[in-house]
Amino acid sequence: MPEATEKKTATIAPSSPPPAALGKADDGSGVTRRSFFSWISIGWLAFVTATGGFFTMMLRFFFPNVLFEPIQTFRAGSPDEYQAGEVDLRWKGKFGVWIVRDDEGIYALSTVCTHLGCTPNWLAAEQKFKCPCHGSGFRKTGINFEGPAPRPLERYRIVLADDGQIIVDKTKKYQQEKGQWGDPEAFLKV
Amino acid sequence: MAEKKNLLQRLAEGQIWTSIFRGGGVPKSRRQRMMVVLNSVFLHLHPVRLPKHAVKLKFTWCMGGLSFFIFLILTISGILLMFYYRPTIEYAYTDIIDLAEQVPFGIMREIHRWGAHAMVITVWLHMFRVFMTGSYKPPREFNWAIGVVLLLLTLLLSFTGYLLPWDQLAIWAIAVGSNMARATPFLGHEGPGAALLAIGDINFVTVASDVRFALIGGRFLGEATLLRFYVLHCIGLPFVIMIFMAVHFWRIRKDGGISTPV
Amino acid sequence: MEGFKHLIDVLAKPTILVTFTFVIFFFIFPPSDWFDKWHRRLKFDALWGKKSLIIITGLLIAFFVFGLGDPDFRSIVLKPDNVPISGLIFLVFFFTWLSMSQAYKNDELQEAGKPVDEHYDAPNDKVLVWPDLVYVELISLVLCSAFFLLWSIGLAAPLEEPANPSESPNPAKAPWYFLGLQEMLVYFDPWMAGVVLPSLIILGLMAIPYLDNNPEGAGYYSYKNRKLSIAIFMFGWLVLWVLLIVIGTFLRGPNWNFFGPFEYWDSHKVEALTNVNLSEFIYVKWMGTGLPGNILLREIWGIIITLGYFMVLPPLLAKTWLKDMYAKLGVARYSIFIVLIISALTLPIKMYLRWMFNLKYIISIPEYFFNF
Amino acid sequence: MINQQERYYNILKLNKWFAISSLLFTFVWLLTFANDFNRPWKKYQIEFRNLEIEKTKSDIASASTSLDENEEYAELKVSFENAQNEVDSRQEEITALEEKIGTLDADLYAKNQNYQFAKADMDVAKYNFEQAQHGHGDLASSKKALDKLVALTADTKLQAEVIEGQVEAANEELKGIRLTLKQANDALSSISREKDLLERKLSKIDPEAMSFSNKVANIIRDVPVLDFIDPYYDVKQVVVKDIQDDMIYMGVPKVDRCMTCHLGIDKKGFEEAPQPYTTHPNLDLYLGANSPHPMNEYGCTGCHAGRGRGTDFISAAHSPDHAKMAERWENDEELKWHPLHHWDTPMLPMKYVEASCLKCHAGSIPVQESPTLAMGMSIVEKGGCFGCHQIDGFEDTPKPGPGLRKIAQKTSKDFAFKWILEPRGFRENSWMPHFFNQVNNDDPESVERSEQEIHAMVEYLFDRSEDYTMDRLPKGGDSENGRMLVNSLGCLGCHASEGEDPMEFKSVNSMRREHGPNLVKLGSKTTQQWIYNWIRDPQGYHTATIMPDLRLTKSEAADISAYLISSRDENFEDQSVPGVDESILNVIVKEFLGSNLRKEEVDARISGMGLDDKLNYAGGKLIRQYGCFSCHDIDGFEDAKPIGTPLTTEASKLISKLDFGYFHDELPHTKWDWFRQKVDNPRIFDMIPQEDESYKIKVKAPLEKLRMPHFGLNDQELDAITTVIMGWVKDEIPPSKLPAQNERNIAIEAGEKLIRQYNCQGCHAIDGDGGAIQPTVASWLGEIADEATSEDRGIVLSFAPPMLDTEGRKVQPDWLLKFLKNPTMIRPNLAARMPTFSMMSDEDWNAIIKYFQLKDGQTLPYENPHTVNKRSTSYKAGDVIAEMGGCQNCHFYGNEKPKQAAVTWGPNLALTKERLRPEWLMEWFKDPQNVMPGTKMPAPYIPSEEPLESVREVWGKDVAKLHSDPKKLLQAILDFSWGVSGPTDVSKIVKAHLESEGYGFVIEEDDDWGDEDW
């Protein structure tokens, strides 16, 4: 045991730190800049970085690169299939979309209530979407007018394919309160 | 206390730090160094002081410690893998493909597999070292026996994990392995003596009632086998091995720490 | 080059490789003074010097480097699951060397009347765990983690075709750590190779501390005082376990046929594996009569031999060759020890019976799934 | 020594070690992140993004040029500016209105709120009242509260409505002011919409066109670790639930990620882009949303195979097309290709990709979409693969070889010997394969043995040959006339003739002319008398033959047989036939006997056999051994089972089940290379390849050797047959993905099978496929007329057997059946004859008729017959139009000959009533070219555009009555033709006319007249 001389251990031993990183301890000789950038500092810095790397990896690991969920884009037939002034319920079950046609065109409304994510019902008699969970009500346009819902229903991207069919793309949504309903793809002019 | 303190030092002497690490501060004196070990739930696995050869790599080869550390790596990577792997004959294989093709850090599978191989080797080498230093001799006989059980459990863990990718390599390795079980004396349906366990026309040990069946959950390797091996691999065996590990470590301390020449 | 490869292929044949190992083994790890004499005369003790470490490691590396130039060798060695076994070869050699060199050093120290390397003057010779041990541990953990990450990046885990119960891959191998058992299956019925022998291995391992009542050599590396126990352990570990794994991994190819490391794994390779049972030897070949219909009569010779081996041989040995040992161990330890040893020895015995006489089973009662 | 500090290691050293290992650890982490981030598909997506940016830019450029050139756009721009100016000039008015709306809106909001609150209270009161009625609560007070609130609600609502009305009115006014502006704007944007969309797209993909914050976001979204939030570069995939990957235990829905790199595959405009960005070559048929195989529903690997989940060039299991491509891929630094191990369905090379069509379209192979596959199927039928190999779907296909039950009358033993020894030595494109002189039996010893084997088989066949009484051959056949008959009667729809090169480029269509053997060298093979008898009555010789009867007269048959017998092969005839060698024969017989007898028994048996017995015995055994009965009808083998491996799911076999023998280095380790090699040189796997490319043979007894014969296929045929074999898989395709199993498709399948079997398309073209005979018709025309005539496609078509495109809509089924069972002359100019297929049953004909009908959407088998009143205006008008239109120039009216020369003649109009369907005829009159492209029939002229006066003057009063309605005029022609009566069979008149006057080809001038097709 020739290397463990007393002098050295006295000054340097304290620098062996507890599990979490600590800098070099001060035991009277004072902190010099040189010793601050000593091997131990580099070591702990690198160790913390690597550990951070591990946790970053854990984080990233939980977000897969692909999803096996049902496809978010679907073809919804040709515009003639929709009657002006009516709310079409045929895509509600499969894709969670109401397609509404008014005098000027067609838009695709999300069936997710903006309050807490329930699915409202279309009440044809009252001409409104009424959410069964907390009673939010939306007009045919998707604008909220009663109940706790904080903002209008979202609309999805709706465009015409080359063959004249409607394509609804749920990956892209438009919010009225952000003024996005004016976007040409939020509304299909007929 | 008049000296300037840097941020880390302030932190180390602050209330939060000292509340987490009993005693706080940086151990400076011999006593403090001892207290660090005594006060930590993790570190007090160790004694406070050791014979000097116990810290020499030349003597210990660090194989026991590495085995334990690899076990931890395997536990963590294994838990992470469970998030993407489904133990069904439908998806097991494709999920493994996807680990390589699209899962972020699907490299977890490689870590787990190579770690498993490495653990078998380190456990063997640990046993080898213990034998060569005669460390199984009294009073450590029983702990050696525990060690043999741990070796067996390590092999079983590796063996059960081997099936999970559900590829040719997997099922045929398990097929070869589990078919040996059918030849278990008395308990396997093709084992010597099994035919004697019968009353009249009723055989007690048949293909659907022997140890092999208990192992693979069916007459043939199939969905049930995969599920059984999965449960054993992820819950059953780790649980058992942890108990034995606890005893193993405890006994090291109680049997006088690392073996030393008399 | 081709000549050398061919030579290696020939040398790797199990008959040659195993025989060579058996013959040379106890001169490298001498179990008794007689062997020890020859061990030193043959200069095998030089194996545990620093020079040998460098030379042998160098040779091993050179062999692998050379071998990787050969497509057949490469295809076997670079199979992802076989990589750890190549590593195992190096590791086993290194740690055997490390332990043996320390043991020899300690033996010399003891001979000179000095304390062994691990000697410590309790309680003064103690070292604090914090920071010396903890720090070293931390460093090795960090290095170990880095090593695993690197290994995982560099080598993809294997994934073969989807599981297909109607289509065995050729060869179908167990996980590599069980290949020793699978090798045994060639010579034994599954109940022996797959159940009894593994159980005996486990029990035998557990029994070691209880059988070895030699108080010498606890807590430090040594050889001289523990010759027999170390030689036996080494035989089991290096030959019956590691060597069989290496053979099973690298040298067993399609149809479980034997292939040299530089041979193409031709699934059409034909080997005559005709073999006969002892009863057929005795009744058909020697006595020229047919097999008796009575099972007991048919197998009586095999039963006699087996019983003789397990029942008569141990007391006989206790009286003669192993007299000293019997005296030292006492009757209980001796019986367990000798049964374990002669059980282990059945493997080489059956290997040679197979190779030399094509003998399949000594006792063969397929009617009751009992073959030995 | 006492160590007070109880320390061992130098802490400084440990620190250093710790630092180094931690740095290493950190570095390895960085590597791990880089390794995970740097996925192989990313670089392709980056490159494709650049491609897309470039393309969008150039599209924008061309869109703006076209806008600049668009006058309407310029005009609209001007009118937009005018409108803008007008609106600007009324700015004050607008501001005032807007202010007013602002105040009103505020008021409305307040009033509305009053109303909403009141209504909410009222709803509560209503509920309370209802509860009270139900017995909970005080009825009177709740009623009172409700009434009060109802009134309040009504009141507040009214107030709100008033204001609302004002707001609306103001808004309307404002809209009115801006109306022109809005209209102009809308019109403008509808024209420039395309460009706008392109620009929007560019701003999303091109960093240069992005706003600053988007530029930053564009970088951040693809930064490692953060790239899960909304990455631009990501793995794309299609999940197809009902098409599954076979995971042995279970099917797993296909997941195809091919489009992760093949980014342009379903986007038009990347046709010229390099791989992997190229657009799919046929989007109308595949991938396109409106194609029959949209990408979302069919994925990629269902057809192309490969590992759909792979996101890397290698792990997707790409396969090169040929060895050169493989080499290029292997040496490519980026690809570093090697075959993917452990995946049994690697991607099909492009030349075999049609194999996958077979999975779903086995019943009715789309010939035009999958020509290689169709050709391969034709090879399977002609080569008789299904004879030795059991293949589902070929159960009722007739044996492709001639029947051998009466062979002694047809040819000599010598010919049979030489023929079996080397069929292609006599007829180079024969489908009869070579069994002898192959790699594994061409050594002198085997050759000697082969000779004796052939002797034995010939002896067996001749010994069992049945009696066959032949008619006497009339004296003096005219060989030259025979040649003309062969060239014109239609023989060449199924047979090739002298002087044609059979090995030139092949297609399904050209192979239709290999339906029967080439008509060459018959003089060396058989007798004239046999030919005479055979062509007059094929079924008399071989009952199961598919050779039809052309209803030849005695003299025609004599002429033809004289012509056919004149061709001989002297060299072949001169070859000598080695004698029978009994010692070798004994060896052969012993081998067969020894397979189940002991040696003494064998010796006893053989000593009791004469030479003939031995030949007969060995012959029978050898015929079984080689499977001759698979293609030929042979006495004694009626119930023999196929001798080869079943092939129905051959391509789903694991590759480990294909024995590469000693060819593990010489042959790429793929199923298709194995199959191709096997067909190309079937015996090769008996051999051991040598360094110098020669072979040594494995040690095998003669009867153990591989025995599949050699067909001598060319590369193109090998590709085709390999494609078919690769299509024989066991994939389970769900009904939702299969062509619908409706009545129509079933009928088409059944019909196509018969049409293939009887080679109808050798003569007839159907829907753009078939009419293989047409080139020979052209050359015949060249001979009887001149070069120009033979190159006139119109004339050639009019002399070729008719196309059957709209047959189902065109003819009456009753008539069609009558015609098919007993063909008569329809097109007087046609020299080719519709043969009589007397071997076809009524079921067969019904299937064919149903095929035509359902293919054309004609579902009614019975229809109301059309009747005509000859005194009706319509009939009379029709008569006039026919007269004026000169129908009689080309058409027979009963036995009244047409006015023009025979080259232009068309069907007898007396046939119309019983033959054609009025609906089809109307369509036909309207535009014949539309119904049958290439027809010579002009659309009849009708005076519907002319002034009534002149019509009345020129065409008479009946036409004038109908004049304004073209439909009625056409109906008039129809009615007229319905009224044409007289004898329908004009063959005698035609024959006499042609003999005396010939066809009257117009040699100098171009003739647009003549008709082809009705």
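Ile295(C) has its place in helix α12 of chain C, which spans residues 295-319. The structure is a predicted model.

**Ile295(C) and its surroundings**

- When neighbours within four places in sequence are left aside, Ile295(C) is in contact with Ile365(C) and Glu367(C).
- A separation of 32 Å lies between the C-alpha atoms of Ile295(C) and Asn257(C), two residues that stand 38 residues apart along the chain.

**Chain C as a whole**

- Chain C contains 13 helices and three strands.
- Along the principal axes, the C-alpha atoms of chain C fill a box of roughly 80 × 55 × 40 Å.
- Chain C has 372 residues, of which 33% count as buried.
- Of the contacts in chain C between residues at least 6 apart in sequence, 64% join residues that are at least 24 apart.

**Where chain C meets chain B**

- The contact between the two chains involves 70 residues of chain C and 83 residues of chain B.
- On the side of chain C that touches chain B, two or more residues come from each of α6 (83-111), β1 (126-128), α7 (129-154), α9 (190-211) and α10 (227-251) of chain C.
- Helix α7(C) gives the largest share of this side, namely 14 residues.
- By residue class, the side of chain C that touches chain B consists of 50 nonpolar, ten polar and ten charged residues.
- Strand β1 of chain B, residues 49-51, pairs with β1(C) in the antiparallel sense over three bridges.
- Within this strand pairing, Arg49(B) has Leu128(C) in β1(C) as its bridge partner.

**Nonpolar cores**

- In soluble globular proteins, nonpolar side chains tend to be buried together.
- The largest nonpolar core here has 162 residues, and among these Trp166(B) and Ala170(B) touch the most other members.
- Apart from its neighbours within four places in sequence, Ala170(B) is in contact with Tyr162(B), Leu163(B), Leu164(B) and Pro165(B), and also with Ala163(C).

Note on methods. Residues numbered from 1 in each chain as written. Chains lettered and ligands numbered in written order. Contact = placed C-beta atoms within 7 Å. Helix = DSSP H or I, 4+ residues; strand = E, 2+ residues; numbered from the N terminus. Nonpolar A, V, L, I, M, F, W, Y, C, P; charged D, E, K, R; others polar. Pairing = 2+ DSSP bridges. Core = buried A, V, L, I, M, F, W, Y, C linked by C-beta atoms within 7 Å. Buried ≥ 20, exposed ≤ 12 C-beta atoms within 10 Å, placed from the backbone.
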